[in-house]
Each structure stands twice: as structure tokens, then as C-alpha cells.
Amino acid sequence: MVLLPGTARADRGDPPPPEGGSNGQDLWAHAGGVSYDESKNGSGDTTGPVTPVTAWTPPPCWYSPRWTPAQFKTYVEAIWNAESTGPEWDATQRDRYEKGNPYTNFNLDKAGKGAWWTSYVPTGGAGVPGALDCNEPYFWVDQGDAPPPTIKNAITTEILAQLAYARIRVPDTDISLSPQTKQTVNLATWAWLDKAVFKPVSVTATADVLGISATTTATPVSLHLDPGTKDADSYPASGNCLINKDGSVGTPYSEGQRGDPPCGLKYLRASTGGTFPLKATITWQIEWVGTGHPQPTRLSDGTFGRTTDVTVQEIQAIVR
């Protein structure tokens, strides 16, 4: 594919900005103009991304500042000097960015008073629907001004919050069961989650040059148990076990405990010759706060869960 300077195509294949901006080519120390703090995110081999419960998706592309005037001049002149895009195209670009239609001499006289903006897509997101929609030519924004209203998906705190959402990782739903191994027909199975493994996680996304950031937090709110067969009872009947005041779910089984569990299930028939896919799914409430937005704002809730194949046996009574 021929890559044309000035088109700001999201798939144009620009190299990511260097870490720390060591060669002076970029304002940003991180690709995409956004840095992330994931120190409070879920980690480890048993974590994964949540699945939004609505049709919500993170931004497939966005615009943010990338170059000072001198950096931009160096960048585009290197493309023109390579003579890979043709003299006619290069002439139109020189006219736009160098000869006053509408910019003059790459805005070198505005050094320190703004930046050149361009488009980005998330890492690995070039094939996502909408990833090529950020196709405005490179444009200038004065310091302190908002991008032109015609520019969609210019970086904001809300977009930062959505980008942080896409990086949220939550722990797997490793619930405790009693009985632990084989379940028995008509014998209630108790289920619970300890507070220690069931806590909020968060990611902060920052647009350093603009001085704005947003923190997106996922908080567990309920556990849903799907026994994997219609021949089962759930406790509660909805299958939704709510969070206790201490942050745990359900009640651990103790020897001699009677009655129905506050969170659990009961199989009504055996899984003869096979298993039932017991699925435990956590619903996570997603909220964000950010620069100029101190009050939590909801994004789409997300879910994450695990399916476990369980064997259900039937106790055989011997009649003499």
C-alpha cells in the first residue's frame, strides 16, 4: 500500500513513538499519545478482559497531538524526499503545510504554542470496524484550544476512560464449592467467594501533553451461577448471588449446616455418563472519573466467568 502523507490514515503504518521520545521525533513517550498506569489492574494467568453487557465498544481510533512544528517538518519532509508518493501529491502537501493553504512553513513560528495532531488505532486494532474512520489530514491545534468541532474522536477524558476500560483485566471466577468434587442429586451445593480474591481493579489512562487523565474502575457486584441444565434449582432462584457487606459472596459451608444455601444450586438428576457445564460469571460495574469529571460516570457493565464440567451422581440405596 502506498502511504500518503497528510491523510492521517489510521492504518498508514507509522512507527510507534519512541519510548521517552529519545530521537526527538515525537511529543509522546507512548504510542497513541496515551500512557497507562495498570498497577491496580488485575494480573496473572487467570485474568482476562470483561465482556460488555451492552453493545458498547471502545473507540476504534482517535486523534491526539504528536509533533512540535520542527518535528512535523522533519517527519513530512523525509516522506517527500523519499519520492515515494509522487510529485503531484507532494506538491499538494507542500501547498497545505508549507505554502499557506492553510498552514505556513509548518507553523514553525508557533513553536511552544500548540501541536500537530494525527490519528491512532489501538495496538492490534487495525481490522476492527471503524478503525479507518479517523482519516482527517494532519491538523494543528493551538495550546489551550479544543480541536475543530468537525474532528470526531479527538482525545478527551471520556475517550481516555474508554481506552482504559479496554485494558481492564479481572480475575477468573474461581468459586469455592461444597461438595468440592462430585455433586449429588437432590443435595444442595454451597458456593462462595472470599473477599480477598474479589475486589475492584482499575486502569488510569493519561494524555500527558494535554495534562488530562481518566481512571476506569471495575467493581464486582454479583455472581451468577448457571448449572448447565434446566434440571436444577438455583439459590437464589434467579441464580444471582449478591455481594455481602464485607465484599464476599455467599457463605462458606460448615459441617452440620442445614437449610438452603444463600448462594448455590441443587441438581435434580444425574449427569449419567457425562457432565454438566456449571458456569460462574461475575458482573463488574464499570465507572470512571477524570480531569474535570470528579463524579463517577457509568460505562457499560462487564462480565467475566469460567465454565467447569461437574459430575452429578445419584446415591444408590440397597433394598434388602
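Contact here means heavy atoms within 4.5 Å. The model on screen is predicted.

**The whole chain**

Start with a cartoon view. The chain has 3 helices and 20 strands. Colour by burial next: buried residues make up 42% of the 320 residues. Of the contacts with a separation of 6 or more, 75% join residues 24 or more positions apart.

**Leucine 225 and the core**

Select leucine 225. Leaving aside residues up to four places away in sequence, leucine 225 touches Ile175, Ala191, Ser234, Gly239, Cys241, Cys263, Gly264, Leu265, Lys279 and Ala280. Leu223 and Leu225 have the most contacts inside the largest nonpolar core, a set of 67 residues. Then show strand β17, residues 276-290. This strand gives the most to the core, with 7 residues. As background, nonpolar side chains in soluble globular proteins tend to be buried together.

**The three-stranded sheet**

Move to β4, β5 and β6. They form an open sheet of 3 strands in the order β4-β5-β6, with antiparallel pairing. Both β4 and β6 are edge strands, each pairing on one side only. On average, neighbouring strands of this sheet are turned by 45° against each other, direction ignored.

Zoom in on β4 and β5. Their antiparallel pairing runs over 5 bridges. Pick serine 64: opposite stands threonine 118 in β5. In general, the strands of a sheet pair through backbone hydrogen bonds.

Is β4 enclosed or open to the outside? Count its buried residues: 6 of the 6 are buried, so β4 is largely enclosed by the rest of the structure.

Bring in helix α1. The helix lies across β4, β5 and β6, and runs at about 95° to β4.

**The aromatic rings**

Show the side chains of Phe, Tyr and Trp. There are 20 aromatic pairs in the model. Begin with tryptophan 67 and tyrosine 138. Their ring centres are 5.3 Å apart and their planes stand at 85°, so this pair is edge-to-face; the edge-to-face class takes planes over 60 degrees apart. Tryptophan 67 sits in strand β4 (residues 62-67), while tyrosine 138 is in the loop between β5 (114-120) and β6 (139-142). The pair thus links distant parts of the chain, 71 residues apart. Both residues of the pair are buried.

Go on to tryptophan 80 and phenylalanine 106. Here the centres are 5.9 Å apart and the planes at 35°, so the pair is tilted. Tryptophan 80 belongs to helix α1 (residues 69-81), and phenylalanine 106 to the loop between α2 (87-97) and β5, so the pair ties together parts that are 26 residues apart in sequence. Tryptophan 80 is buried, at a relative accessible area of 3%. Phenylalanine 106 is buried too, at 0%.

Now select the whole group. Trp67, Phe72, Tyr75, Trp80, Tyr97, Tyr103, Phe106, Trp116, Tyr138 and Trp140 make up one aromatic cluster.

**Last stop: a charge over a ring**

Which residue lies over the face of tyrosine 36? Select arginine 167. Arginine 167 lies over that ring, at 3.8 Å from the ring centre.

Note on methods
Residues are numbered from 1 along each chain as its sequence is written. This is a predicted model: local features need pLDDT of at least 70, side-chain atom pairs count only at pLDDT 80 or more; totals for chains, interfaces and linings use all residues. Side-chain values use heavy atoms; hydrogens and water are left out. Rings of Phe, Tyr and Trp (its six-membered ring) pair if their centres lie within 6.5 Å; planes under 30 degrees apart count as stacked, over 60 as edge-to-face and the rest as tilted. Helices (H or I, at least four residues) and strands (E, at least two) are DSSP runs, numbered from the N terminus. Buried means under 20% relative accessible area, exposed over 50%, partly exposed in between (1.4 Å probe, protein chains only). A charge sits over a ring if NZ of Lys or CZ of Arg is within 6 Å of the ring centre and within 35 degrees of the ring normal. A nonpolar core is a set of buried Ala, Val, Leu, Ile, Met, Phe, Trp, Tyr and Cys residues joined through side-chain atoms within 4.5 Å. Two strands pair if DSSP finds at least two bridges between them. Axes are lines fitted to C-alpha atoms, for helices over the stretch in contact, and angles run from 0 to 180 degrees between N-to-C directions.
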